[in-house]
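Work through the exercises below with the sequence and the 3D structure in view. Try each task before reading its solution.

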Amino acid sequence: MPRKIVARRSPIHGNGVFAAVDLPAGTRLIEYKGRLRTHAEADELYGDQAETGHTFLFTLNDEYVIDANSDGNVARWINHGCTPNCEAVLVEHPGSDRRRDRVFIETIRDIRAGEELTYNYGIVLAERHTPRLKKLWACRCGAPGCTGTMLQPKRR
């Protein structure tokens, strides 16, 4: 069975993940994997690196973060896009063990072989979105409607 996706250099940012074959909408591509950490553990490990605008941390739920810096897979290389062709889907495990929740990347439209996969990172920061922060979290997706930043608008 041929591989559905492949990682390689990206025109968006560093590495990226591309469709190796045509993919129909609604295809579950890959689970976002990495070491499970509490939010406090992630803050302790990476708190001083938050100013880089680059992260492999994925918020799983109110208790845990997936740290793809450790034991991560190719899903960590999927770039942000303002008009994404994929989405991150949270699958909550029945019961109270939040460590068993999972995140999958799925297509939201048909994707042609060779096309780069993107999803909206949905980055929400509590602090004011200053020009410096917008530049730090700059989006390079190149989409016609690109907002220029990976930061999500604040809710009013």
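**Exercise 1.** Are Y32 and F58 buried or exposed, and how are their rings placed?

Solution. This is a predicted model, and the values below are computed from it.
- Step 1. Y32 and F58 are both buried.
- Step 2. The ring centres of Y32 and F58 lie 5.0 Å apart and the planes meet at 45°, so the pair is tilted. The reasoning needs two cut-offs: planes under 30 degrees apart count as stacked, and those over 60 as edge-to-face.
- Step 3. The pair links distant parts of the chain, 26 residues apart: Y32 is in the loop between strand 3 and strand 4, and F58 is in strand 5 (residues 57-59).

**Exercise 2.** Which residues form one aromatic cluster with Y32 and F58?

Solution. 
- Step 1. Another tilted aromatic pair is Y119 with Y121, at 5.2 Å centre to centre and 50° between the planes.
- Step 2. Y119 has a relative accessible area of 4%, so Y119 is buried. Y121 counts as partly exposed because its relative accessibility is 28%. The cut-off for buried is under 20%.
- Step 3. Y32, F58, Y119 and Y121 make up one aromatic cluster. A search of the whole structure gives 4 aromatic pairs.

**Exercise 3.** Which residues touch the most other members of the largest nonpolar core?

Solution. 
- Step 1. The largest nonpolar core has 21 residues, and those touching the most other members are L29, I30, Y32, I78, C86, L117 and Y119.
- Step 2. Strand 2 (15-19), strand 3 (28-31), strand 6 (64-67) and strand 9 (102-107) each give two or more residues to this core.
- Step 3. Apart from it lies another core, of 10 residues, including L125, C141, M150 and L151.
- Step 4. In soluble globular proteins, nonpolar side chains tend to be buried together.
- Step 5. Leaving aside residues up to four places away in sequence, Y32 touches, among others, F56, F58, I66, V103 and Y119.

**Exercise 4.** Where is R37 placed, and which side chains does R37 join through polar contacts?

Solution. 
- Step 1. R37 belongs to strand 4 (residues 35-38).
- Step 2. With a relative accessible area of 13%, R37 is buried.
- Step 3. The side chain of R37 makes a polar contact of 2.6 Å with that of D67. A polar contact of 3.3 Å joins it to the side chain of S70.
- Step 4. The residues that R37 touches, not counting those up to four places away in sequence, also include A42, L45 and E63.

**Exercise 5.** Which rings have the charged end of an arginine over them?

Solution. 
- Step 1. The charged end of R8 sits over the ring of F18, 3.9 Å from its centre.
- Step 2. R76 lies over the face of F56, and the distance to the ring centre is 5.3 Å.

**Exercise 6.** How many helices and strands does the chain have, and what is its radius of gyration?

Solution. 
- Step 1. The chain has 2 helices and 10 strands, in the order β-β-β-β-α-β-β-β-β-β-β-α.
- Step 2. For 156 residues, a compact globule would have a radius of gyration near 15 Å; the chain has 16 Å, which agrees.

Conventions. Residues numbered from 1 in each chain as written. Predicted model: local features only at pLDDT ≥ 70, side-chain atom pairs only at ≥ 80, totals over all residues. Heavy atoms only, no water. Core = buried A, V, L, I, M, F, W, Y, C linked by side-chain atoms within 4.5 Å. Buried < 20%, exposed > 50% of the residue type's maximum accessible area, 1.4 Å probe, protein only. Helix = DSSP H or I, 4+ residues; strand = E, 2+ residues; numbered from the N terminus. Contact = heavy atoms within 4.5 Å. Polar contact = N/O pair within 3.5 Å; in protein donor to acceptor, adjacent residues only side chain to side chain. Phe/Tyr/Trp six-rings, centres within 6.5 Å; stacked < 30°, edge-to-face > 60°. Lys NZ or Arg CZ within 6 Å of the ring centre and 35° of its normal. Rg over C-alpha atoms; globule rule 2.2 N^0.38 Å.
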